[in-house]
Amino acid sequence: MRTKFTSFILCLICFYKPSPLLAQQAWFKLDTLTSMSTGGVKMTNPWGGGLNASQFLKMHLNNDADEDLVVYDRTNSKVTTFVAGPDPLNAGKKTFIHAPYYETLFPQVDNWMILADYNGDGLKDLFASTSLGIVVYQQVKTGNAWSWKKVRDVLYTKGFSGNINMQVSGTDIPAITDIDDDGDLDLLTFDFSGNYIELHQNLSMEKFGVRDSLGTQASPVFQRNGDCWGNFHKGDAEDFVVGVDCGVVTDPSKRVASPLGIRHAGNSILLHDLNGDGTKDLLAGHVSNDHISFLTNSAKGIIANFTAFTNTYPAVDPVALHIFPAGFYEDVDFDGVKDLLIAPSLPASDANMTDFKSSGWYYHNEGTSDKPVFKLVRKNFLQDQMIDVGENAVPSFFDIDGDGDQDMLIGTGGMPYAGGFKGSFWLLRNTGTATEPNFTFESQDYLELLPKLSVYNIKPQWADFNGDGVPDLGFAATASSSLKLEYRYIPNKGTNGGAAQLNLADAVTIALPSDLQIGDSPYFYDADGDGDLDLLIGKTQGNIYYYTNTGSNKQYTFKLETDSFAGVGINFAGRFSQVAVADFDLDGKPDLATVDHTGAIRVFNNADWGKWTDRASAIISVNGKAGNPYLGNYLSLAVADLNGDKKPDVAIGNNAGGVRLLTNILPVSITGVEPGDDAEVKVFPNPSVDYFSIQSSKTGTFDVLTAGGVRMLRNRSIRANEPQQISTAQWPAGLYLVELRAGNSRVVRKVVVGD
């Protein structure tokens, strides 16, 4: 389908020199509005970014009456925020709508976070894991705005051997709750052996008569009470040993310590009255368990007494994950009754046996919050309303069906399949237009990789790998048999502008340099303009390798030019880097975009290839200002003009299996005649319909590329002062770059194709 190019804006803001305006300008904004449908129904939050090991929490994010939803994903160290609002799919009902702005207000934390009001002001505060123990942020509200104020780098407790920082194993999720019903928040956590629960009683009310004290190292308000809590400890496998005297007393100054045996750490704690008897029962998850354990409490108050347990909970459709389920208790269906949510508490997929695209179990509570009746509703809570391929989503764009707009093909990290762990391609077909995309889910296994190829962590890229002028489908992947990084491309036997014709059986292997390793990310681009594809490698160590192809498109031969391209050397914070090339600022020169483990996207620009000195980082609009929001880890990126404004937009994939869209908002536009033209090279008419002509004052060769770097024509000859006409009748409408080389000179001109 061809789109009508109805307006043409002459130079609003021209080209970067560097421009102080662009230096302060956000390059992109997060797109939450582009439509995505599955099964004929629009998704509520398609670009929410995916979820893996979720921790479900609630607080007021905006100023309405409903509490909103905060989800912390342990695998990504990432917060995703949702506001309560009208359900677009069900009139009169409410749902949770992705609101990424609020994510930028949260501090970066690892392992776990808990929202609880410690000072009684009606605002939930933030407790989170640190290497020192527990950090506390107070919620501060000014007018309608709120923020976090760090009030303690670490909490201290009076232990058996003196005042110590209160430690929680990084593998655990503790409980922060008022266990003795005196108004202040106590803390309960499994000890580092993973054997028994420690009670750290908050004595703020007892000492000061107020609940807002957190104590200091010299004078802690928390105090260890008893050897264990609840008169039980962990047994073998999924068993518990009850009837143990933990030594908890109403007066904690009389406690006596005696060591218990050692097991292994990795526990989650959920405390709530779950049988209506007025006592706080326990839902415990353990790192070695498939099920969640329900322990019934027979005593009310500080001295709990757990007398029985079951690993079949709930009784109907009990929890059964591959490993380490954790429980969360929040009202997520707006009926005023708390529901049960279960997710694996994992930093990564264990032995590749966890299906992370369906890892949020939601049990609706048909009873009351204190006497629940749980009914399993779905195993992909929130995930069913967003793109979630499981893990390690790697998007790519190409007009696969030849209708003039960009479809999305996503490489997946993998899923348990036929006794193994395999990746696939997800196809999201664009059923909208080149100016208003509308993606529709079509396949979880485009080209049938799952039954035919044993690979995972698939990273696709569209480029002309065989030099026939038509973009092919290339992909890097880890081979299950050899555990080595491999690269293949599938020749596209279609035509430019037509539907792709791909057959996995035709795949050709490209021998990658021997020093590459699993986790590296290849990206092909003709950097030296010699007509074949060179190679950039985003390395697991954070640096970028650059190889020139000294062979051809028929026989790839790579020569390492540098192991720190653009000055990006080995760095731990920026590990697992990935790259893409496009002219983001429309200055006629290719820019280099990178993502890495810092969770940020950066762009090198304002110089010739490889000579960049500036790396723009605060380039995403956050509440109207240029910022640097955290996007997750194990990021990937793809580039395409999705809205027809001729500027490259970006899709970011992440470890949680999701995709986020970034719309290019740079205030630049295409001009018919660019400033500084000396008539050495002319491209006309501009914009063009069906054809354009190139005229050069020098003899040379030229390529024509899309704004996303795909070469439409390669290494065409041109004679001095002899116009050469290029037919574009079968080309998709959009921005193209004409790159002419004559001797040592290189000139780039832009041309808009559209009718």
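## The largest cavity

Fourteen is the number to start with: 14 residues line the largest cavity, and Tyr525, Pro590, Leu705, Thr706 and Leu737 are the ones nearest its centre. Here a cavity is a set of points, on a 1 Å grid over the protein atoms alone, where a 1.4 Å probe fits but cannot get out, and lining residues have an atom within 4 Å of a point. Two or more lining residues come from each of β42 (578–582), β53 (700–706), β56 (734–742) and β57 (745–753).

The volume of the largest cavity is about 100 Å³. A volume is the space filled by probe spheres set on the grid points, which are joined across faces, edges and corners. Its lining has 8 nonpolar, 3 polar and 3 charged residues. In this sorting, Ala, Val, Leu, Ile, Met, Phe, Trp, Tyr, Cys and Pro are nonpolar, Asp, Glu, Lys and Arg are charged, and the others, Gly among them, are polar.

## About the model

You are looking at a predicted model, in which local features need pLDDT of at least 70 and side-chain atom pairs count only at pLDDT 80 or more, while totals for chains, interfaces and linings use all residues. Residues are numbered from 1 along each chain as its sequence is written, and side-chain values use heavy atoms, with hydrogens and water left out.

How many cavities of 30 Å³ or more does the structure hold? There are 2. The second largest cavity has a volume of about 60 Å³. It is lined by 13 residues, with Gly49, Gly50, Lys78, Thr80 and Asn654 closest to its centre. By class, this lining has 3 nonpolar, 7 polar and 3 charged residues.

A pocket is an open set of points with protein on both sides within 12 Å along at least five of seven lines. The second largest pocket holds about 760 Å³ of space. Its lining counts 31 residues, and Ile176, Leu270, Tyr329, Glu330 and Lys338 are the closest to its centre. Strands β4 (54–59), β8 (110–116), β14 (175–177), β20 and β24 (325–330) each give two or more residues to this lining. Sorted by class, the lining has 16 nonpolar, 4 polar and 11 charged residues.

Strands β9 (residues 125–130) and β10 (residues 133–142) are joined by 5 bridges, and Ser129 has Ile134 in β10 as its bridge partner.

The other open sheet, also of 4 strands, runs β20-β21-β22-β23 with antiparallel pairing. Its edge strands are β20 (267–272) and β23 (306–310), each with a single partner, so one side of each is left without a neighbour in the sheet. Between β21 (residues 281–286) and β22 (residues 293–297) there are 3 bridges, and Ala284 stands opposite Ser293 in β22.

Definitions and conventions:
Two strands pair if DSSP finds at least two bridges between them.
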